[in-house]
Amino acid sequence: MYKVVVCDTISDAGIEILKKEKDIELQIKSDVNKKELPKQLTDADAIITRSSTTIDKEFLSFCENLKVIGRAGVGVDNIDLDEASKRGIVVLNMPTGNTLAATEHTMTHMLNCLRFMPNANYELKYKHKWDRKKWMGIELYGKTVGIIGMGRIGSRVAIRVMSFGANVVVYDPYIPKEKATKIGAKIVDNLDELLKVSDIITIHTPKTEETYNMIDKEEIEKMKDGVILINCARGGLYNEKALYEGLKSGKIRALGIDVFENEPQLNHPLFEFDNVFATPHLGANTYESQIRVGEGIARSVVDALKGRGYENAVNIKMEEEEITELGKQFLGLAERMGSFLSQYIKSFIKRVTIYAHGEIESCTNSLGLFSSVGILKNMIDEHVNYVNAPYLAKERGLEIETKIYDKATEFKNYLLLEAEYDDNKKIEIGGTVFEPNKARIVYMDGFDMEIELTGNIIVFRNYDKPGIIGKVGEILGKHNINIADFRLGRKQALGEALSFIKVDQEVNDAILKEILSIDGAISIAKVKI
Ligand SMILES: NC(=O)c1ccc[n+]([C@@H]2O[C@H](COP(=O)([O-])OP(=O)(O)OC[C@H]3O[C@@H](n4cnc5c(N)ncnc54)[C@H](O)[C@@H]3O)[C@@H](O)[C@H]2O)c1
Ligand SMILES: O=C(O)[C@H](O)COP(=O)(O)O
């Protein structure tokens with residue numbers, strides 16, 4: 001049974017998915033005081049949260065059994081990702097579920113800032129004032145909207161404001177320029193250019209060290225007089241003190257703000273201004289968005305707990321956009337080759353260089369990750385997974401590097417792992433995948449040979465002279481060990497041979513010793529994949 005605890009409110013649709021799982025014990029703790037909450041999570045296997053739960057180092061220290069954190073939304077700035085990764089906890093988010101809700105919320109704030117609708121509504125209904133002069137607005141048509149951060153939400157805001165007839169200027173150094181230009185937006189190389197020309201500025205970046213207080217006093221001074229500012233992304237991207245000063249001086253015409261540096265926020269100095277439209281982090285709050293996010297995160301958490309997949313894992317370092325079916329098979333091969341190497345070498349491996357050739361050249365990050373999991377699983381007792389492997393490797397001084405294989409090879413797709421160990425000793429193994437699910441080692445240390453990387457394999461090296469292999473067979477037979485497959489490679493120049501002997505059961509060290517005592521034997525090792 002897996003214990004899943006829902007720590008913030010998610011949609012009933014998401015809850016229903018979790019309830020249907022027979023091997024999940026579900027607990028809802030969205031009403032538990034946030035200070036008390038971690039103490040109630042000591043045996044939780046997975047938790048589901050939103051932005052209201054801060055998951056820091058101290059929080060995680062209570063969660064001894066935690067394997068998965070599901071963030072029902074985009075922002076993971078409330079989670080200590082490094083600490084979660086060190087603990088091998090996979091963090092998943094649902095980045096696309098609330099994009100439209102946040103986009104439309106941004107548009108609502110923008111239009112309010114242009115037309116002062118909430119004020120007019122308030123004065124008419126509650127003050128009974130029919131004032132048609134006071135609430136004179138301005139049009140979006142013909143204005144320049146500066147968008148900082150052209151990701152999922154920023155790009156959708158761009159399309160919507162352009163449909164109103166506004167011009168769009170984008171600042172986002174991390175996107176291809178065409179992403180902006182193909183929809184008719186202008187992209188600028190530095191923020192100042194955007195600040196100078198925009199009538200309205202809206203920010204849609206994540207909160208990072210670089211974006212925190214990205215808009216401060218100095219940036220506001222560079223803006224047009226009467227600028228409108230919107231923040232529906234994260235509190236602290238605009239410096240709140242600088243916003244206050246800008247509003248006080250009249251430099252800022254209006255501010256639409258959904259997010260605050262400290263939340264919940266009941267009494268912020270910005271609330272004193274009539275031209276500040278503030279909402280309590282409502283960007284994602286539509287029925288549609290919450291159904292998408294709740295369902296999506298519930299499914300992802302179940303999948304991750306059961307090891308079926310890690311969709312939207314934010315702390316698994318696989319940066320490739322999409323991995324093909326063949327690529328996935330090579331990842332499995334890379335893990336098994338790593339495991340083979342560390343069992344074979346049985347010594348401290350200081351560096352592994354992974355060379356990739358063919359279609360898999362685009363998967364170098366993932367190949368590195370999967371190989372390191374294979375290597376580390378045999379090297380250390382701790383639970384190794386795709387989340388903590390990079391940390392464990394670093395901690396143990398194991399360097400993993402990935403490169404393109406630039407030598408000639410007969411294989412369409414090929415993987416070569418070169419391990420350096422002890423004092424400058426090196427070993428190389430090569431592998432490929434023939435047709436679906438036929439992953440093989442095809443090369444080891446100068447020997448061309450081929451064997452499927454599964455089960456119990458004895459790796460035997462000897463001088464290439466008659467009678468030796470027969471004696472190996474005899475010893476194994478005497479101990480009732482059945483040979484399932486036998487592959488031999490020869491290096492005639494050296495007068496040496498290398499065999500992979502696949503056996504039906506694991507052989508003990510005494511049998512290996514007996515084989516090694518054969519005249520002409522050089523080395524022997526066993527690996528279990
Ligand atoms: N108010 C809400 O309820 C709500 C809802 C959803 C998302 N959000 C927040 O909105 C923001 C955007 O979400 P998204 O889904 O569009 O994210 P995204 O990852 O799709 O887009 C972020 C964009 O910001 C850009 N960026 C990063 N650093 C930058 C920098 N220094 N300067 C300029 N651009 C930079 C990235 O290149 C990327 O294109 C996030 O902070 C997210 O947490 C808020
Ligand atoms: O990052 C997000 O997804 C939004 O800020 C929404 O956060 P919420 O799930 O706490 O509403």
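**Notes on the model**

1. Let me begin with Val170. Setting aside neighbours within four places in sequence, Val170 has contacts with Ile147, Met150, Ala158, Ala180, Ala185, Lys186 and Ile187. Val170 is also among the residues with the most contacts inside the largest nonpolar core, together with Val301, Met337, Leu367 and Leu415.

2. That core has 145 residues. Helix α12 (residues 325-345) gives the largest share of the core, eight residues. As a general point, nonpolar side chains in soluble globular proteins tend to be buried together.

3. A word on confidence, since this is a predicted model. The average pLDDT of the protein is 94, and 99% of the residues score at least 70. For the complex, the predictor gives an ipTM of 0.99 and a pTM of 0.79.

4. The protein is divided into domain 1 (2-97 + 287-305), domain 2 (99-278), domain 3 (319-454) and domain 4 (457-523).

5. The shell holds 32 residues, and the closest are Gly75, Gly149, Gly151, Tyr174 and Gly283. Two elements, α4 (99-115) and α6 (152-163), each give two or more residues to this shell; the largest share, three residues, comes from α6. By class, the shell around ligand 1 has 15 nonpolar, eleven polar and six charged residues.

6. The residues around ligand 2 are Arg50, Ser51, Ser52, Ala72, Gly73, Val74, Gly75, Asn98, His281, Gly283 and Ala284. This shell divides into three nonpolar, seven polar and one charged residue.

7. Finally, is Gly374 buried or exposed? Gly374 sits in helix α13 (residues 364-379) and is buried, because 26 other C-beta atoms lie within 10 Å, where 20 or more are needed. Leaving out residues up to four places away in sequence, Gly374 touches Ala334, Glu335, Arg336, Met337, Gly338 and Ser339. Gly374 and Gly332 are 42 residues apart in sequence, and their C-alpha atoms are 9.3 Å apart in space. Met337, one of the residues that Gly374 touches, is also among those with the most contacts inside the largest nonpolar core.

Notes: Residues are numbered from 1 along each chain as its sequence is written. Chains are lettered from A and ligands numbered from 1 in the order in which they are written. This is a predicted model: local features need pLDDT of at least 70, side-chain atom pairs count only at pLDDT 80 or more; totals for chains, interfaces and linings use all residues. A residue is near a molecule or strand if its C-beta atom, placed from the backbone, lies within 6 Å of it. Helices (H or I, at least four residues) and strands (E, at least two) are DSSP runs, numbered from the N terminus. Ala, Val, Leu, Ile, Met, Phe, Trp, Tyr, Cys and Pro count as nonpolar, Asp, Glu, Lys and Arg as charged, and the others, Gly among them, as polar. Domain bounds come from an automatic or database domain assignment. pLDDT is the predictor's confidence in each residue, from 0 to 100. A nonpolar core is a set of buried Ala, Val, Leu, Ile, Met, Phe, Trp, Tyr and Cys residues joined through C-beta atoms within 7 Å. A residue is buried if 20 or more other C-beta atoms lie within 10 Å of its own, exposed if 12 or fewer, and partly exposed in between; C-beta atoms are placed from the backbone. Two residues are in contact if their C-beta atoms, placed from the backbone, lie within 7 Å.
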